[in-house]
Amino acid sequence: MVLEIKNLHANINGKEILKGINLSINKGEIHAIMGPNGSGKSTLSSVLVGNPAFEVTEGEVIYEGKDLLELSPEDRSREGIFLSFQYPVEIPGVSMVNFMRAAVNEHRKYKNLEPISATDFLKLMREKRDIVEMDSKLAGRSVNEGFSGGEKKRNEIFQMAMLEPKLAILDETDSGLDIDALRVVANGVNTLRTPENATIVITHYQRLLDYIKPDVVHVLYNGRIVKTGGPELSLELEEKGYDWLKEEV
Amino acid sequence: MKAEQQYIDLFTQYEDLIRSHSSGILNRPRTEAFNDFERLGFPSVEHEDYKYTDVAQAFAPDYGINLKRIDIPVNPYDVFCCDVPNLSTALYFIVNDSFYDKAEPHVKLPEGVYAGGLKAFTEAYPEVAGRYYGKAAACSHDGIIALNTMLIQDGFVIYVPEGVVVERPIQLVNIFRSDVDTMANRRILVIMGARSQAKLLVCDHSMDDVKFLSTQVVEIFAGQESRFDFYDLEESSESTTRFASFHVKQEASSNVLVNGITLNNGLTRNNYYIELNGEYAESTLCGMSILDMEQQVDTYSHIIHAVPNCTSNELFKNVLNDRSVGAFSGRILVKEGAQKTTAYQTNRNLLATREARMYSKPQLEIYADDVKCSHGMTTGQLDEDALFYLQSRGIPKEEARMMLSVAFTADVVDNVRLERLKERLHNLVEKRFRGELAQCAGCRGCK
């Protein structure tokens, strides 16, 4: 098992958002987490990567046999967790190249590997850029600065490709994407998929799931997972909306 | 006893000695400067522009001044390792307050260009020197300039005649070297003829742990269509105090860049006075400081748009750690009739601790109605979201902080129009943030 979440509760500014999440994810699986706005989807992803704005009040998260909540955000990354942010931050003055070199080398250091050589690094950048069809010019620019919505999301998947996570969490990666960009991003995710890693796709709509086929679909509502099913569940939600579920709950 | 008294006494007692070691041009304004100094004294903290820097206190201790012009015992060309190597500059030295003339750089500057000691220059070119020396830095309302002018015995000059382009950057290294607390009065005069071009890098170093105090007066005359870059890199010590004033007079279509970077210091006050006196002149004034412990940088600037169609761009950034203090006062005056003026001013500051203090005051006075002027000031902390974003990719928090701090000051360094110097400065800034520049690298190389 890659990830096991048990009875997870979390607050932001004293307000409880997650009210007891239980979730297990195995290697090679893609899990979709769907749900209406404000149900706690983004909070869940934030808590998993250790965003200090959120406070875990109860429960535990076991990742690859380790207590995930004990790890710093940087160690979670080095252990193989990756979040594709819903709103990637613009960081003027930090170039993509320097950012990625620092990140890749921190990952390598964690594995007791030497820093990557300049030529290998450039090769790696090129290779991974192709996966998301990213313009080479973007790599020379500051992190996300002046990127369009679609470019930012591509850049997230590019970083994911560079860091080769064991568990990737895609938080609303489809929001703000036109259909072409969506296809590119989804294609990137599918290319990176192996039997050894797992993916959580957080989304509001079925749209992305046409391209990234989930094995399991969960519905998050009011801080809890209220329904779990196969891929057909997402289609049902697409057709009927969330209201019937709310009533059921 | 007032802080001024010891300097008044000193001058009264040693005036003849000072005069005898100096030149006619340098001696000419001396008496008047003395009278001005007696009248003005040091600016008081009650003066709005000196609220955050106690000048009298800085000048109160008893510093030694090399009035007798004792020879510099070492050849700086042999012992000094520059922090900005591989620039292949034409390199000159001022040790304390004396121009080192026993050796010369191994490079040749174009015909007619003078780079060297001020005293020698005033003797060789009395006519040119007389026309410019002291003409931008007035003693009549600044006690520190008056003090500098009354005590000055030497300095550094760049004179580039009309139409001459100096490709090779010129570098002046100011070295403080002494076993006793020492004061140095330093002076730089830059005369750029019409359509001439040059670049000057000045580096301040303190090689000993005693207390140093300097007054530095820089006068820059930029003729029509001339282009001049002035890079001022301060890497002194915590026990070094400097009062610098930069006076730039620009004629039509000239382009002057002044970039002042403080990587290490004790107490620094920089006054920048830019006068745009000819149409289509362009001025870039920028600077940054990285401060920790009790370090202080107080920046005052006054840009005057006297005629139409000029552009000024001002950018200052400060990163403050520990209990350091920063101040920025940026005055821009657009005179009546100076239409089509473009003037931008930005001051951004990063406070890394609760104890650090930053005082910022933009001040725009605009008496023309067809202008583009703006100013922006922010003082705050590092962007937490950006910090977390970097961490979430495996970069440790401290490293992420460093990257963001370096990024914060990147645009000041990016203003450097000398590619190799720019790279080197980016590198030095990063080292400084990593704490690897606690002492000036030049000193380490020497000892």
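Two residues are in contact if their C-beta atoms, placed from the backbone, lie within 7 Å. Helices (H or I, at least four residues) and strands (E, at least two) are DSSP runs, numbered from the N terminus. All views show a predicted model, in which local features need pLDDT of at least 70 and side-chain atom pairs count only at pLDDT 80 or more, while totals for chains, interfaces and linings use all residues. Residues are numbered from 1 along each chain as its sequence is written, and chains are lettered from A and ligands numbered from 1 in the order in which they are written.

**View 1. Helices H11 and H10 on the sheet of chain B**. Helix H11(B), residues 419–433, lies across strands E7 (197–206), E9 (227–235), E11 (255–264) and E13 of chain B. H11(B) runs at about 25° to E11(B); axes are lines fitted to C-alpha atoms, for helices over the stretch in contact, and angles run from 0 to 180 degrees between N-to-C directions. The open sheet has 10 strands with mixed pairing, in the order E2-E1-E5-E7-E9-E11-E13-E15-E17-E19 (chain B). Two strands pair if DSSP finds at least two bridges between them. At the edges are E2 (98–99) and E19 (372–380) of chain B, each pairing on one side only. H10(B) also packs on the sheet, where it touches E13 (282–291), E15 and E17 of chain B, and its direction makes about 160° with that of E15(B).

**View 2. Strands E15 and E17 of chain B**. E15(B), residues 311–320, and E17(B), residues 342–351, run parallel and are joined by 10 bridges. Val319(B) has Leu350(B) in E17(B) as its bridge partner.

**View 3. Phe246 of chain B**. This residue lies in strand E10(B), residues 240–250. Phe246(B) counts as buried because it has 23 C-beta neighbours inside 10 Å; the cut-offs are 20 or more other C-beta atoms within 10 Å for buried, 12 or fewer for exposed, and partly exposed in between, with C-beta atoms placed from the backbone. Leaving out residues up to four places away in sequence, Phe246(B) touches Val218(B), Val258(B), Asn271(B), Tyr272(B) and Tyr273(B). Ser23(B) is 223 residues from Phe246(B) along the chain, and their C-alpha atoms are separated by 23 Å.

**View 4. The side of chain B that touches chain A**. Here 18 residues of chain B are in contact with 19 residues of chain A. On the chain B side, helices H9 (384–391) and H10 (397–414) each supply at least two residues, and H10(B) gives the most, with eight. By class, this side of chain B has 10 nonpolar, three polar and five charged residues. Ala, Val, Leu, Ile, Met, Phe, Trp, Tyr, Cys and Pro count as nonpolar, Asp, Glu, Lys and Arg as charged, and the others, Gly among them, as polar.

**View 5. Helices H3 and H6 of chain A**. The axes of H3(A), residues 96–110, and H6(A), residues 149–163, come within 10 Å and cross at roughly 35°. From H3(A), the contact is made by Met100(A), Ala103(A), Val104(A) and His107(A), and from H6(A) by Gln159(A), Met162(A) and Leu163(A). Five of the contact residues are nonpolar, two are polar and none is charged.

**View 6. The E11–E12 hairpin of chain A**. E11(A), residues 216–221, and E12(A), residues 224–229, run antiparallel and are joined by five bridges. Leu220(A) stands opposite Ile225(A) in E12(A). Two residues separate the strands of the hairpin, and Asn222(A) in the turn has a positive phi of about 55°.
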